[in-house]
Amino acid sequence: MTTEYPDRPAVPAVSGSVRSSEGPARLFRLDGRRAVVIGAGSGIGAAGARALAAHGAAVVCADLDLAAATSTATAIGGEPCRLDLLDREAVRAAPDALGEIDVLVFTPATNVRRRLVDYSDAEFDRIVDLNLRAPFDLLRAFGRPMAARGRGSIIGVSSIRAVTVEPAQGSTPRRRPASAPCSVRPLRSWDRWACG
């Protein structure tokens, strides 16, 4: 059997592929998959958790604010979890505590809205810790088991601050390079070269 598209050559169908009669929405189903959304207590994280659940994923709603995570989890039939991204040990332990995860989405970030020269040391440290180190820790913690299984998705969500700076403000540490979306292929390469 082949899948045919009028503007492309015929391609052999892959076992388990979606038939055109099932519609394009079936391509995005996540039934049987488990997702963790960090920052699910509000905003983009809560919206991401709702979207993943709507597509059939079992969603763990993680947030520093357990009450907010519980609210989102209750609304979507998910599981709440408190996770402090500044607690490196908690981040390292999360994959084992949560079980097999197919999708990780993380949204938390921070910024100080004033001139760089006016930042305190503590403010700068928090920006670096939350915007750079935490995504790196998440990529390592969740990426290793995904790479070992040969599948998984990690999605880091960033704001416009990843690519632009407001006038009169210094450049805060960017999260974009640290949280660029990863697929299994880069994880496999990374695992082979950095973890072997």
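Guide: Welcome! Two strands count as paired if DSSP finds at least two bridges between them; strands (E, at least two residues) and helices (H or I, at least four) are DSSP runs, numbered from the N terminus. You are looking at a predicted model: local features need pLDDT of at least 70, side-chain atom pairs count only at pLDDT 80 or more, and totals for chains, interfaces and linings use all residues. Residues are numbered from 1 along each chain as its sequence is written, and side-chain values use heavy atoms, without hydrogens and water.

Visitor: What makes the crossover from E4 to E5 right-handed?

Guide: The chain goes from E4 through helix H2 (residues 66–76) to E5. With the strands pointing away from the viewer, a path from the first strand over the helix to the second that runs clockwise is right-handed; this β-α-β crossover is right-handed, so its path is clockwise in that view.

Visitor: Why is E4 called mostly covered?

Guide: Buried means under 20% relative accessible area (1.4 Å probe, protein chains only). In E4, 5 of its 6 residues fall in that class, so the strand is mostly covered.

Visitor: What makes E5 an edge strand?

Guide: The open sheet of 5 strands has the order E5-E4-E3-E6-E7, with parallel pairing. Strand E5 (79–82) and strand E7 (153–156) are its edges, as each pairs on one side only.

Technical notes: Buried means under 20% relative accessible area, exposed over 50%, partly exposed in between (1.4 Å probe, protein chains only).
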